[in-house]
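I opened my notebook beside a new model today. Here is what I looked up, entry by entry, so that you can follow along.

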Amino acid sequence: MLNALNQGLKGDKTIPYSSITAVQLKKPGLTNGYIQFSVMGGNESRGGVFSATQDENTVMFAGKKTLDDMIELQQIVEEKIKEAHQPYGVVKQTSDLDELKKLKDLLDAGAVTQEEFDAKKKQILGL
């Protein structure tokens with residue numbers, strides 16, 4: 001309701017994760033809390049809760065239950081920001097290295113033979 005009073009009935013806005021550069025959460029206290037999304041090239045308000053009421057990338061809220069939901073939302077968005085800005089090659093290299101380490105552990109434990117290890121290693125490395 002507070003957002004409708006401050007922003008009017010402007011409609012929905014969708015922000016792709018790849019455009020979000022930061023998320024800020026201000027917990028409610030004497031005033032309502034808010035969660036604010038910074039976007040590339042955006043001009044979000046920096047003047048605290050009163051300026052945030054006029055920012056289209058800010059959602060105002062009150063109450064403990066809503067705060068818990070907003071904390072969870074902040075964590076999800078921050079994780080998605082990391083994923084969206086993660087170079088693709090780094091993700092692939094890390095997973096290949098993890099798979100090789102697991103395979104080496106199996107070799108050391110005697111669960112696979114040296115020949116099986118070598119064949120799978122070549123497959124993982126694309127050789």
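**Entry 1: Ser-18**

I looked up Ser-18 and found that this residue is partly exposed, with a relative accessible area of 41%. For the terms, I noted that buried is under 20% relative accessible area, exposed is over 50%, and partly exposed is in between (1.4 Å probe, protein chains only). Areas come from the Shrake-Rupley method with a 1.4 Å probe, and for residues only the protein chains shown count as cover. Ser-18 is found in the loop between helix H1 (2–7) and S1. I also noted that 9.1 Å separates the C-alpha atoms of Ser-18 and Met-40, which are 22 residues apart along the chain.

**Entry 2: Ground rules**

This is a predicted model, where local features need pLDDT of at least 70 and side-chain atom pairs count only at pLDDT 80 or more, while totals for chains, interfaces and linings use all residues. Residues are numbered from 1 along each chain as its sequence is written, and side-chain values use heavy atoms, with hydrogens and water left out.

**Entry 3: The whole protein**

I found five helices and three strands in the protein. Helices (H or I, at least four residues) and strands (E, at least two) are DSSP runs, numbered from the N terminus. Along the sequence I read the pattern α-β-β-α-β-α-α-α. Of the 127 residues of the protein, 25% count as buried. The protein exposes about 9,000 Å², and carbon and sulfur atoms supply 56% of that area. Next I looked at contacts, meaning heavy atoms within 4.5 Å. Among contacts with a separation of 6 or more, 48% come from residues 24 or more positions apart.

**Entry 4: The sheet**

In what order do the three strands stand in the sheet? I read S1-S2-S3, in an open sheet with antiparallel pairing. S1 and S3 stand at the edges with a single partner strand each, so one side of each has no neighbour in the sheet. The twist averages 10° from one strand to the next. H3 packs on the sheet and touches S1, S2 and S3, and the direction of H3 makes about 160° with that of S1. For those angles, axes are lines fitted to C-alpha atoms, for helices over the stretch in contact, and angles run from 0 to 180 degrees between N-to-C directions.

I reminded myself that strands of a sheet pair through backbone hydrogen bonds, either parallel or antiparallel. Here, two strands pair if DSSP finds at least two bridges between them. S1 and S2 are antiparallel over six bridges, and a hairpin of six residues joins S1 to S2. Ile-20 stands opposite Val-39 in S2. S2 and strand S3 (residues 58–61) also run antiparallel, joined by four bridges. Gln-36 stands opposite Thr-58 in S3.

**Entry 5: Strand S2**

**Entry 6: The cores**

A nonpolar core is a set of buried Ala, Val, Leu, Ile, Met, Phe, Trp, Tyr and Cys residues joined through side-chain atoms within 4.5 Å. The largest one here has ten residues, including Ile-20, Leu-25, Phe-37, Met-70 and Ile-81. Strand S1 (20–26), strand S2 (33–39) and helix H3 (64–84) each supply at least two residues of this core. H3 gives the largest share, four residues. I then found a second, separate core of six residues, with Leu-100, Leu-107, Val-112 and Phe-117 among them.

**Entry 7: Met-70**

Met-70 lies in helix H3 and is buried, with a relative accessible area of 13%. Which residues does Met-70 touch, not counting residues up to four places away in sequence? I listed Leu-25, Ile-35 and Phe-61. The C-alpha atoms of Met-70 and Ile-35 are separated by 7.1 Å, although these residues are 35 apart along the chain.

**Entry 8: Helix H5**

The expected span of a helix is 1.5 Å times one less than its number of residues. The twelve residues of H5 (residues 114–125) should therefore span 16 Å, and the end C-alpha atoms of H5 are 16 Å apart, which agrees. Gly-126 follows H5 and has a positive phi, near 70°.
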